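Keep the sequence and the model side by side as you read.

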Amino acid sequence: MRWRKSLENGITELGLCAFSMLKENYLKMLNSTMENEFLLTRFSDVWEYRILHAMIFLLMYLATLMGNLLIVTVTTFNKNLHTPMYFFLRNLSVLDMCYISVTVPKACVTFLTDNRTISGDGCATQIFMVLFCAFVEVMFLTSMAHDRYVAICQPLHYPMIMNPRVCVQMTLFSVLSGVAYSGFHTGNTFRLHFCQSHVVNQFFCDVPSLLKLSCSDTFSNEISIFISALVTVGGCFVFIIRSYVYIFSTVLKFPTRGEQGKAFSTCVPHILVVSVFLSSAAAVYMKPTSSSRTIQDMITSVFYSIVPPFLNPIIYSLRNKQIMEAMKKVLKRMLYSGK
């Protein structure tokens, strides 16, 4: 079909564009990052609070890794779960493990030790990975909403529309788009000169915090961030809401309240997670850059960098009977093999 060929050609061109953009931006920011070191910020300098914050972050980190790793294991080895829905869920779980690993381990070191320093290269890598994971997370959540829309509203066409080839192409498009997006904004940030204080008012490196430290004109950076976030976040949010409007209108036509309740219990938590993730990210990246430090900015960042990876296994798995049954089988096998 023509649309499939055009999609494949678009993915190929996007990959080449992303590679060339990354190469160009890397050369631009190489000299800027070599001489820079930054200091990350804690939520509090009181030792007891530092231990408490580190423990909370560490527990959420370990719970996220265990939950998502279990989902990946179950959806990979259980053939009954080899469907588009669980394909996207597995991708989301792998992404979430990477996403939370970008910020939390370094934050725990910052909380528990006197070393708050992060190198320029480390800061650039952290910004690139945070932007990449956040962008791809939005794309995956959008793909999952589309999958649910097709499954509920167009069940007869579901195998044809959401075939394995299309699912792989959607994933590749999300990943390559994320590489291009994060590469552009990372390079655009580190072409600036940082001649002011090198104290990053955040527990990890992010673009808004670094723009506050620059003595260069950051207007073009702020405009590019605002427009790209508005198009990406706004577009995906509208698409997700549109999908669920159609889903709810179809669900309300179900004959029994039991089926309606089951569908609503699956969809509503998804919408809540998407809303918290997108609204918190928008609150940080789409507001004007301010030179003042606010603890609210750091707390808000937790809601888009740590909370979604932590909640996704709960939302998409613990409320799913197929996943729970598959998990019980895996755990039984592990217990019996241990004996």
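This is a predicted model: local features need pLDDT of at least 70, side-chain atom pairs count only at pLDDT 80 or more; totals for chains, interfaces and linings use all residues.

**From the surface inward**

Start on the outside, with a nonpolar patch on the surface formed by Trp47, Ile51, Met55, Leu58, Leu59, Leu62 and Leu112. Together these residues have about 630 Å² of accessible area. Where does the largest share of the patch come from? Helix H2, residues 47–77, supplies six residues of it. Trp47 is placed in this helix. Its relative accessible area is 41%. That value falls between the 20% limit for buried and the 50% limit for exposed, so Trp47 counts as partly exposed.

Now step back to the whole chain. The average pLDDT is 83, and 83% of the residues score at least 70. One stretch calls for care. Over residues 29–34, pLDDT stays under 50. For that stretch the model has twelve contacts beyond four places in sequence.

What is the chain built from? It has twelve helices and two strands. Their order along the sequence is α-β-α-α-β-α-α-α-α-α-α-α-α-α. The chain counts 339 residues, and 48% of them are buried. It exposes about 17,300 Å². Carbon and sulfur atoms supply 68% of that area.

Take the contacts in the chain with a separation of 6 or more: residues 24 or more positions apart account for 80% of them. Ala124 and Thr186 are 62 residues apart in sequence, yet their C-alpha atoms are 6.6 Å apart in space. Is Ala124 buried or exposed? Its relative accessibility is 6%, so Ala124 counts as buried.

Turn to the aromatic rings. A search of the whole structure finds 13 aromatic pairs. One of them joins Phe57 and Phe203, whose ring centres are 5.5 Å apart. The planes of these two rings stand at 80°, so the pair is edge-to-face. What does this pair tie together? Phe57 lies in helix H2, while Phe203 sits in the loop between helix H6 (164–190) and helix H7 (207–211). The pair therefore ties together parts that are 146 residues apart in sequence. Phe57 and Phe203 are both buried.

Another edge-to-face pair is formed by Phe87 and Phe88. Here the distance is 5.6 Å centre to centre, with 70° between the planes. Phe87 has a relative accessible area of 21%, so it is partly exposed. Phe88 has a relative accessible area of 0%, so it is buried.

Along with Phe43, Phe111 and Phe204, they form one aromatic cluster.

Finish in helix H6, where Thr189 is found. Thr189 has a relative accessible area of 1%, so it is buried. Which residues does Thr189 contact, leaving aside its neighbours within four places in sequence? They are Phe194, Val207, Leu210 and Asn221.

Conventions: Residues are numbered from 1 along each chain as its sequence is written. Side-chain values use heavy atoms; hydrogens and water are left out. Helices (H or I, at least four residues) and strands (E, at least two) are DSSP runs, numbered from the N terminus. Buried means under 20% relative accessible area, exposed over 50%, partly exposed in between (1.4 Å probe, protein chains only). Contact means heavy atoms within 4.5 Å. Accessible areas come from the Shrake-Rupley method with a 1.4 Å probe; for residues, only the protein chains shown count as cover. pLDDT is the predictor's confidence in each residue, from 0 to 100. Patches are made of residues with over 30% relative accessible area and no salt bridge: like charges are joined within 9 Å, nonpolar side chains (Val, Leu, Ile, Met, Phe, Trp, Tyr) within 5 Å. A salt bridge is a side-chain nitrogen of Lys or Arg within 4 Å of a carboxyl oxygen of Asp or Glu. Rings of Phe, Tyr and Trp (its six-membered ring) pair if their centres lie within 6.5 Å; planes under 30 degrees apart count as stacked, over 60 as edge-to-face and the rest as tilted.
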